[in-house]
Amino acid sequence: MKEPLVPVIPMSHTAHIRSHRKPRRSATSSIALRAGVAGGVLSMAAAGASASASAAEPVTQTIELPTLTADMSAQVAQSAAATQQAAANYELRAERDAAAAKAATEAKKDLAEAKKKAEAKKKAAEAARKAAAERANRSTERATLSASASTSASTSVSAPSSGSVATVIAFLKAQVGDAYVMGATGPNAWDCSSLVQAAYKQVGVDLPRVSQDQSMAGTDVPLSSVQVGDILYWGGKGSAYHVGVYIGNGQYLDAANPSKGVVIQDLSGYPASGAVRVL
């Protein structure tokens, strides 16, 4: 702390000459003067102290600034860290959302593929069921026809020789172009044995319904001696799987198959296994 200033009262340059000295003041005046001086000194001291106090305030503020700056830096750093964490959380959430969306898309795709496969499997099973049902129906129909034919075979094996071969051939040729359908019996669709049966029925000859039994009807004929109107069969006698009728000139007429229908074919291209004669 600075020492209080004491005012210096300048003396006149003629004060050392007695004649020029001012007359002394009275004691009362001297005391008053001293009191005034002291008051002035005290006032100046108070003013100095006040000035010193005012001058010290900036020092106090300067000392506190680093603390405020450090707090602000900490707050800025904390805010930056919070912002960075929020950005990281947002990025993580975005990645999770993208992964969830991708997973949902894949799941939807897998579900569609599973449905497609299930539908294809269902269709295949339905097709297999229908095929099995059709096979069962054909087997039942064949068994029924075979039983019916077996019942009449004993009375029909020896068919009468009367009748016109020309009528049989004319009927057969009239059916050329008709469709082949397993189990069909006319008038526009036939299988091999139903066509032969219908042809001979035109002249009053009752033949069994199926090819196995038709191969057992009438009289066996060597293929080298076959005549117009003889029944040709393919396969073993009694187990023949196909029949037709010889029409001369090395040809025969039959209900061949679903792709050909009722046609005339060369015997040389598909030689028969045997022949029987019922007329």
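A residue counts as exposed when its relative accessible area is over 50%, as buried when that area is under 20%, and as partly exposed in between. Asn-249 has a relative accessible area of 78%, so Asn-249 is exposed. This residue lies in the loop between E5 and E6. The structure described here is a predicted model.

The protein contains four helices and eight strands. Along the sequence these elements follow the pattern α-α-β-β-α-α-β-β-β-β-β-β. The chain has 279 residues, and buried residues make up 24% of them. The accessible surface comes to about 18,800 Å², and carbon and sulfur atoms account for 59% of this area. Among contacts with a separation of 6 or more, 57% are between residues 24 or more positions apart.

Six strands form an open sheet in the order E3-E8-E4-E5-E6-E7, and their pairing is antiparallel. Strand E3 (219-221) and strand E7 (261-266) are the edges of the sheet; each has a single partner strand, so one side of each is left without a neighbour in the sheet. On average, neighbouring strands are turned by 35° against each other, direction ignored. Within the sheet, strand E4 (residues 231-234) and strand E5 (residues 242-248) run antiparallel and are joined by four bridges. In this pairing, Tyr-233 of E4 stands opposite Val-243 in E5.

Two helices pack on the sheet. Helix H2 (residues 165-174) touches E5 and strand E6 (251-257), and its direction makes about 115° with that of E5. Helix H3 (residues 192-201) touches E4, E5, E6 and E7, and the angle between its direction and that of E5 is about 45°.

The largest nonpolar core has 27 residues. The members that touch the most other members are Leu-172, Trp-190, Leu-195, Val-196, Tyr-200, Leu-207 and Ile-231. H2, H3, E4, E5 and E6 each supply at least two residues of this core. The largest share, six residues, comes from H3. The surroundings of Leu-195 can be listed in detail: leaving aside its neighbours within four places in sequence, Leu-195 is in contact with Phe-171, Leu-172, Gln-175, Trp-190, Leu-253, Asp-254, Ala-255 and Val-262. A second, separate core consists of nine residues, including Tyr-246, Tyr-252, Leu-267 and Ala-275.

The salt bridges come to three, counted with a cut-off of 4 Å between a side-chain nitrogen of Lys or Arg and a carboxyl oxygen of Asp or Glu. One of them is formed by Asp-191 and Arg-209, whose closest N and O atoms are 3.0 Å apart. Asp-191 is in the loop between strand E2 (189-190) and H3, while Arg-209 is in the loop between H3 and helix H4 (211-214). The two residues are 18 residues apart and link distant parts of the chain. Both Asp-191 and Arg-209 are buried.

Another salt bridge joins the side chains of Lys-237 and Asp-220, with an N to O distance of 2.5 Å. Lys-237 is in the loop between E4 and E5, and Asp-220 is in strand E3, 17 residues apart. Lys-237 has a relative accessible area of 36% and is therefore partly exposed. Asp-220, at 46%, is also partly exposed.

The remaining pair is Asp-230 and Arg-277, with the closest N and O atoms 2.9 Å apart. The relative accessibility of Asp-230 is 2%, so Asp-230 counts as buried. Arg-277, at 23% relative accessibility, counts as partly exposed.

Gly-186 and Pro-187 are joined by a cis peptide bond, with omega about 0°. Pro-187 is placed in the loop between strand E1 (179-180) and E2.

Terms used. Residues numbered from 1 in each chain as written. Predicted model: local features only at pLDDT ≥ 70, side-chain atom pairs only at ≥ 80, totals over all residues. Heavy atoms only, no water. Pairing = 2+ DSSP bridges. Axes fitted to C-alpha atoms, helices over the stretch in contact; angles between N-to-C directions. Contact = heavy atoms within 4.5 Å. Buried < 20%, exposed > 50% of the residue type's maximum accessible area, 1.4 Å probe, protein only. Areas by Shrake-Rupley, 256 points an atom, 1.4 Å probe, with all protein chains shown as cover. Core = buried A, V, L, I, M, F, W, Y, C linked by side-chain atoms within 4.5 Å.
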